[in-house]
Amino acid sequence: MTCFERSPLLPRDTIQARFAALIDAVERADSASQLLQATRTLAQTLSDLRQDSPAEPPPVDALACLVRILGFNNPGAAVAAVEGLIACGPDAVAVLLGGLDDRNYGAKAWAVRALAGIGDVRGLAILEQALADDVGPSVRRAAAIGMGTLRVSHLAPEHRQTVRQRSLSALQGASKDSEWVVRYAVAAALEKLCMELQARERICDEALSTLNILADIEREDVPVVRLRARLALNRLLSPRA
Amino acid sequence: MLVPLTMTGFPESPTPLTAAGDPISEEEALRRLRQDQDHSLQYYAAWWLGKMRSQHPDTIPLLLSALRQRQPREKGAGVEHNAVARNAAQALGKVGDGRAVPELLAALADEDEGLREAAARALGELGTTDAVRPLCERLASGLAGAGACRPNSPKLQEPCEALLEALGEIGEADSMVLDTIVPFLDHERPLIRSAAARALLQLTGEPTWAEPLLALLDHPQLQVRRAALMDLGAVGWRPALDPICRTQAENSLKLIALRGLLEHGIGEPSAETLLEAMDDLL
């Protein structure tokens, strides 16, 4: 699918020329299927570059092109673009945050998914807002799981604690969401959040008590949410290997 | 899956009552259903009581009276009464009270095809075994009768999808029922084929009836793939896990289907495997 040559020593200007052609193909696409194909190629090429030359930063105009595609109202292309952005990891965050457009609901929803998938703390405020207020359950669901998978290991211990506390508070609020799938994502996210913590930390205790509510037949109507919460409790409370 | 119509297009409500579509209380819903000046308010109230599965003592009598509001079909008249009756029938299924059965069975023979559809779905939800025979009778004429297209209309002669699904939900697997359903596996419309396969799979648990549903997950039309996802979920057919994850459709719908596998299905793959597959789709 990709025309990118797998060589870690490819000269910078060759890479740039390659991406310029791929971006051009996206801009020139005049049908939904052409756009989908061009987006897939661009996203795949970025992923390949990331894998083959991890030190090479992805070209900003290629990232910006993927971010623009999120606003094109083409779900297939948006899925491919989100995958490409997630593959680029933290390098894509600044471009994603810089391209947020509050007036384009669809684009913002896809950006939230990309930020959730990347798990960079710079996206925390956007995830908090989406989890609390977004009208789309699928966006709240993505924001919830993103809260559980934020990467904090590189942060100073104090900052790390603040981020986890904010994630926990947001997830506790969302455990009362009216949509089962959001509560399901909250249960999965609380498990992931606790896995990173030492047992018996205060945050972990609070997460366990929210999981107990989600696992309780008196307080949670939807069986699959209770099943997920129980699985989380079993995994967290059983002695770790 | 039946989605309630939006309230758009209905006249504005009179001032003492809040606007249709706003969040309301059970008391307010019952009040709206009780009045008979504004049908759009009744329409919304009937839907609301069903969605909330209201257990108030007035709910069933008021829904039954709304169901009786229907009128003989005349061009330009009675349409709103019939819309209220359809939502009332649907709500009676959700509220889940056996008192509604005789009137729902009568509605199964109504002239209004939309009301027959709502009544069939409600009887399916209630699991009414007395409905099996009338449902089969509606379908007995097969592809050339019940399943034939109406002239100048996208509708079929009978609401086949709802009738087939109801037979599957009720769960009476005798040979008369199976023989009635089987011909619809060859219907020209994929959604009807999906409903027939779903019912047969629910009734018999025979893997052979899963094949048509799995094949429809590869159908070129998204709408058809979505229907097959919902049908596999409704049956809880756990062996469909991998094809469900692979099909090209929104993760939201795959999650609903996998929820069905967990809640309605048994056996392998295990619950933990299914939950992990759901996590990957979040």
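Q: How many residue pairs in polar contact are counted between domain 1 of chain A and domain 2 of chain A, and what makes a pair count?
A: In this predicted model, the count is five residue pairs, with both residues at pLDDT 80 or more.

Q: Which helices of chain A each supply at least two residues of the side of domain 1 that touches domain 2?
A: Helix H5 (93-98) and helix H6 (105-118) of chain A do. H6(A) gives the largest share of that side, nine residues. By class, the side has eleven nonpolar, one polar and two charged residues.

Q: What is the area buried between domain 1 of chain A and domain 2 of chain A?
A: About 1,200 Å², with carbon and sulfur atoms giving 63% of it. On the domain 1 side of chain A, Tyr105(A), Val112(A) and Ala116(A) supply 36% of the area buried against domain 2, more than any other three residues.

Q: Let's turn to chain B. Why is the pairing of Arg198(B) with Asp231(B) called a salt bridge?
A: The closest N and O atoms of Arg198(B) and Asp231(B) are 2.8 Å apart. The cut-off is 4 Å, so the pair qualifies. Between domain 2 of chain B and domain 3 of chain B, the count is one salt bridge.

Q: Which residues of domain 2 of chain B lose the most area to domain 3 of chain B?
A: The area buried between domain 2 and domain 3 of chain B is about 820 Å², and carbon and sulfur atoms give 70% of that. Leu191(B), Arg198(B) and Leu201(B) lose the most on the domain 2 side, together 54% of what that side buries.

Q: How do you know which part of chain B to read with care?
A: Over residues 1-20 of chain B, pLDDT stays under 50. Where pLDDT is low, the predicted coordinates should not be read in detail. For chain B overall, the mean pLDDT is 88, and 88% of the residues reach 70 or more.

How values were computed:
Residues are numbered from 1 along each chain as its sequence is written. Chains are lettered from A and ligands numbered from 1 in the order in which they are written. This is a predicted model: local features need pLDDT of at least 70, side-chain atom pairs count only at pLDDT 80 or more; totals for chains, interfaces and linings use all residues. Side-chain values use heavy atoms; hydrogens and water are left out. pLDDT is the predictor's confidence in each residue, from 0 to 100. Contact means heavy atoms within 4.5 Å. Buried area is the accessible area (1.4 Å probe) that two parts lose on being put together, summed over both. A polar contact is a pair of N or O atoms within 3.5 Å; within protein, one must be able to donate a hydrogen and the other to accept it, and residues adjacent in sequence count only if both atoms are side-chain atoms. Helices (H or I, at least four residues) and strands (E, at least two) are DSSP runs, numbered from the N terminus. Ala, Val, Leu, Ile, Met, Phe, Trp, Tyr, Cys and Pro count as nonpolar, Asp, Glu, Lys and Arg as charged, and the others, Gly among them, as polar. A salt bridge is a side-chain nitrogen of Lys or Arg within 4 Å of a carboxyl oxygen of Asp or Glu.
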